Amino acid sequence: MHLKSLTLRGFKSFASATTLEFEPGITCVVGPNGSGKSNVVDALAWVMGEQGAKTLRGGNMSDVIFAGTAGRPPLGRAEVALTIDNSDGALPIEYSEVTISRTLFRSGGSEYAINGAPCRLLDIQDLLSDSGLGREMHVIVGQGQLDGVLRATPEERRHFIEEAAGILKHRRRKEKALRKLDAMQGNLTRVQDLTAELR
Ligand code: ATP
């Protein structure tokens, strides 16, 4: 599995559609300060489901939409599409090439798709979670983050290891199940109260 290409349109400084092609191996993106190198990495995190505006270096999520320049008006939507070579079947889907895309409208709505078929964010997270890619997986190490890992407490370090080992997905599911169980317990108590009143 490797990342084949990334297309940005209306995402941060990339007003016009821009496609970056990646070959297997190491890719370096070089350019002057402020030319948009980090915006490419932000686009990668965003299309894989990142929900934190701060992680994307903005105040709120709509900050990822091209805000306009002196010569170009702002745009109404940001779109990013990531194509992954899946010929080794690392992603649990029967396609040798998988394109995940995310669109955000300035009016507030957002859309996700896998190979052009509309889907939920959860579907993208589930698709990527066993591959080591995706939200909250430490596959993107930002400037200064390495320092954070070195200074982490033993508990925080354990969290990193659990993420890398793929335990996080199950922990999230367990938390969801416990929340449901909690709500169910509340309902049960209410039913018991009502039954007692009716007796
Ligand atoms: P450095 O080498 O200094 O880290 P960089 O190449 O990583 O720089 P980025 O941080 O990716 O640069 O890009 C910053 C540029 O992106 C700034 O010029 C900023 O104005 C522009 N930018 C960020 N968000 C938007 C947006 N929503 N609309 C238009 N331009 C934006």
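Biologist: At which residues does UniProt place the feature "binding site"?

Modeller: The unreviewed UniProt entry places this feature at Pro32, Asn33, Gly34, Ser35, Gly36, Lys37, Ser38 and Asn39. Please keep in mind that the structure shown is a predicted model, and that such annotations may be inferred rather than shown by experiment.

Biologist: Where is Gly36 found, and what does Gly36 touch?

Modeller: Gly36 belongs to the loop between strand E2 (18-21) and helix H1 (37-47). Leaving aside residues up to four places away in sequence, Gly36 touches Lys12, Ser13, Phe14 and Gly31. Ser38, by contrast, lies in helix H1.

Biologist: Why does Gly36 count as partly exposed?

Modeller: One counts the other C-beta atoms within 10 Å: a residue with 20 or more is buried, and one with 12 or fewer is exposed. Gly36 has 18 such neighbours, so Gly36 counts as partly exposed. Ser38 is also partly exposed, because 16 other C-beta atoms lie within 10 Å.

Biologist: In what order do the elements of the protein run?

Modeller: There are five helices and six strands. From the N terminus on, the order is β-β-α-β-β-β-β-α-α-α-α.

Biologist: How does one read the strands as a sheet?

Modeller: In general, strands of a sheet pair through backbone hydrogen bonds, in a parallel or an antiparallel manner. Here six strands form an open sheet in the order E2-E1-E3-E4-E5-E6, and the pairing is antiparallel. E2 and strand E6 (117-119) stand at the edges; each has a single partner strand, so one side of each lacks a neighbour in the sheet. From one strand to the next, the twist averages 20 degrees.

Biologist: Over how many bridges do E5 and E6 pair?

Modeller: Strand E5 (residues 110-114) and E6 pair over three bridges, in the antiparallel sense. The bridge partner of Ile114 is Ala117 in E6.

Biologist: Which helices lie against these strands?

Modeller: H2 packs on the sheet and touches E4, E5 and E6, its direction making about 40 degrees with that of E5. H1 lies across E1, E2, E3 and E4, and runs at about 80 degrees to E3.

Biologist: Which residues of the largest nonpolar core touch the most other members?

Modeller: This core has 26 residues, and those touching the most other members are Phe11, Ala43, Val47, Val64, Ala78, Val80 and Leu82. Two or more residues come from each of strand E1 (2-9), H1, strand E3 (77-85), strand E4 (97-105) and helix H2 (121-129). E3 gives the most, with five residues. As an example, Ala78 touches Gly10, Phe11, Val64, Ile65, Phe66 and Leu104, not counting residues up to four places away in sequence.

Biologist: How many residues of helix H4 are buried?

Modeller: The count is zero among the eleven residues of H4 (residues 154-164), and this helix is hardly covered. Gly166 follows H4 and has a positive phi, near 80 degrees.

Biologist: How should I read the overall dimensions?

Modeller: One may compare the radius of gyration with that of a compact globule. For 199 residues such a globule would have a radius near 16 Å, whereas the protein has 21 Å. The C-alpha trace spans about 75 × 40 × 40 Å along its principal axes. Of the 199 residues, 20% count as buried.

Technical notes:
Residues numbered from 1 in each chain as written. Predicted model: local features only at pLDDT ≥ 70, side-chain atom pairs only at ≥ 80, totals over all residues. Helix = DSSP H or I, 4+ residues; strand = E, 2+ residues; numbered from the N terminus. Contact = placed C-beta atoms within 7 Å. Rg over C-alpha atoms; globule rule 2.2 N^0.38 Å. Core = buried A, V, L, I, M, F, W, Y, C linked by C-beta atoms within 7 Å. Pairing = 2+ DSSP bridges. Axes fitted to C-alpha atoms, helices over the stretch in contact; angles between N-to-C directions.
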